Amino acid sequence: MTPAARVQAAIELLDQIIAAASEKGAPADRLIAEYFKARRYAGSKDRRAVRELVYRAVRLCGQVPETGRAAMLALARSDETLTPLFDGSTHGPKPVMQHETPAATGVAQQWLAERLAVSGIAGEEAEALLARAPLDIRVNTLKAERSTIDLPEPGEPLAAPNGLRFPSGTQVEQWPAWRDGAVEVQDHGSQWMCEALDPQSGETIVDLCAGAGGKTLAIAAKTGNGARIIASDTDKRRLGNLAPRARKAGAQIAETVLLDPGREEEALAPYFGTAERVLVDAPCSGSGTWRRNPESRWRLTPNELDRLTGLQDHVLDLGAKLVRPGGTLVFVTCSLLDEEGIDRIAAFCERHAGWEASAPDLPLGRLRERGEAKGTRLTPCHDGTDGFFVAMLRAAC
Ligand SMILES: C[S@@+](CC[C@H](N)C(=O)[O-])C[C@H]1O[C@@H](n2cnc3c(N)ncnc32)[C@H](O)[C@@H]1O
């Protein structure tokens with residue numbers, strides 16, 4: 001592909017990503033993969049270059065752009081090598097017309113930028129949400145040790161006991177250690193969420209919103225397969241991925257429980273009051289992971305945020321029923337909005353007398369508090385991790 005044809009391909013892909021954002025369609029990564037599946041003539045360098053253009057444009061535009069071309073024109077404003085490629089060549093974009101307006105740039109839609117600012121995320125904290133994320137892995141201690149594992153590149157040891165950091169885009173999935181389950185891709189912040197849970201061998205632990213088991217596997221490794229782990233989720237496809245992942249990782253998961261949304265108690269009742277620890281890794285806006293999914297900020301609406309905070313209260317209340325007297329509930333979201341963090345904990349404490357909310361003792365992050373409610377927030381700018389909120393809730397004995 002010529003450089004101009006790559007720009008035109010990026011424009012076409014951006015049009016698809018913009019449409020998918022308003023129609024709740026496929027994520028950008030999938031759209032890009034499908035685009036190139038139908039265009040076998042594009043070589044690996046072309047694919048990499050187009051992908052790079054697409055993501056640079058998505059990161060740059062806080063509001064949803066009207067068109068892919070407007071987004072690419074915004075990028076061309078900040079990168080003068082792109083403007084001459086609007087050359088009207090056979091596969092390239094049409095020349096720039098005088099009346100054309102580039103898309104608005106910024107961190108997020110105005111309402112969202114305002115809510116972030118109210119939550120203390122503005123200036124460099126907000127800009128860091130759109131930086132490139134490194135590639136972090138967790139060495140799976142059921143199969144290997146960080147100090148002795150043989151990897152194609154050494155990696156930078158992280159503060160998390162089993163974490164290693166590699167440059168963004170490292171092809172970990174091609175490593176024998178990944179294929180053998182000796183390493184898992186997991187953000188450094190996410191690794192600390194499992195440390196905050198502090199699971200112990202011999203305990204019953206429920207991972208209520210387990211998804212495909214990113215944190216479940218870390219819990220199994222941390223307890224040396226010594227805990228009874230129950231993993232549940234409402235998403236059949238994600239939960240279905242847990243068993244093969246656990247086999248590969250050598251992790252023992254006692255039970256996986258598929259939940260019916262709104263009727264979760266039917267399946268969870270046998271576990272009520274039994275767990276020493278419950279992890280509620282709640283569904284959220286993902287505003288802490290925009291470094292990896294920048295187009296997800298185009299999808300969020302105030303109504304969707306309201307729906308999510310309602311769901312967070314709901315899963316917290318379910319989690320509370322699973323905890324045995326004196327046990328611990330750990331609430332996690334990968335969001336930097338207080339509405340999905342400390343506000344949920346303050347609301348929980350109002351609904352549940354006798355529970356005590358505290359911030360976990362971590363070597364990173366900063367305190368967020370609202371009255372008696374406390375939690376810890378990690379941010380890309382301050383901690384070099386994805387953004388997370390975590391709070392510990394202790395049940396009365
Ligand atoms: C942040 S993701 C979990 C990620 C996962 N723990 C990991 O580490 O990979 C939130 C999960 O909550 C699940 N979920 C949504 N509603 C739920 C509900 N009512 N009960 C349990 N899980 C729910 C979603 O399907 C999603 O998998």
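Before looking at any pair I noted that axes are lines fitted to C-alpha atoms, for helices over the stretch in contact, with angles running from 0 to 180 degrees between N-to-C directions. Helices (H or I, at least four residues) and strands (E, at least two) are DSSP runs, numbered from the N terminus.

**Ground rules.** I am working with a predicted model, where local features need pLDDT of at least 70, side-chain atom pairs count only at pLDDT 80 or more, and totals for chains, interfaces and linings use all residues. My residue numbers start from 1 along each chain as its sequence is written.

**H8 and H9.** I looked up helix H8 (residues 188-197) against H9, and their axes come within 10 Å and cross at roughly 50°. Ser190, Gln191, Met193, Cys194 and Leu197 of H8 make the contact with Gly214, Lys215, Ala218, Ile219 and Lys222 of H9; two residues are in contact if their C-beta atoms, placed from the backbone, lie within 7 Å. I sorted this contact of H8 with H9 into five nonpolar, three polar and two charged residues. Here Ala, Val, Leu, Ile, Met, Phe, Trp, Tyr, Cys and Pro count as nonpolar, Asp, Glu, Lys and Arg as charged, and the others, Gly among them, as polar.

**The ligand.** Next I went to the ligand, which 19 residues surround, the closest being Cys209, Gly211, Gly214, Asp235 and Asp281. For this, a residue is near if its C-beta atom, placed from the backbone, lies within 6 Å of the molecule. Helix H9 (214-222), strand E6 (228-233) and helix H14 (302-322) each give the shell at least two residues. By class I find nine nonpolar, four polar and six charged residues in the shell.

**H1 and H4.** I then turned to helix H1 (residues 3-23) and helix H4 (residues 68-78), whose axes come within 7 Å and cross at roughly 125°. H1 and H4 are therefore oblique to each other. Among the residues making the contact I noted Val7, Ile11 and Ile18 of H1 and Ala71 and Met72 of H4. The contact of H1 with H4 divides into eight nonpolar, one polar and three charged residues.

**H3 and H4.** Helix H3 (residues 44-60) and H4 have axes that come within 9 Å and cross at roughly 90°. That makes H3 roughly perpendicular to H4. I see Arg56, Ala57 and Leu60 in H3 meeting Ala71, Met72, Ala74, Leu75 and Ser78 in H4.

**Domains.** Last, I checked the domain assignment, automatic or from a database, which gives domain 1 (3-106), domain 2 (136-185) and domain 3 (188-394). The C-alpha centres of domain 1 and domain 2 lie 33 Å apart.

Note on methods: Angles under 35 degrees count as roughly parallel, over 145 as roughly antiparallel, 65 to 115 as roughly perpendicular and the rest as oblique.
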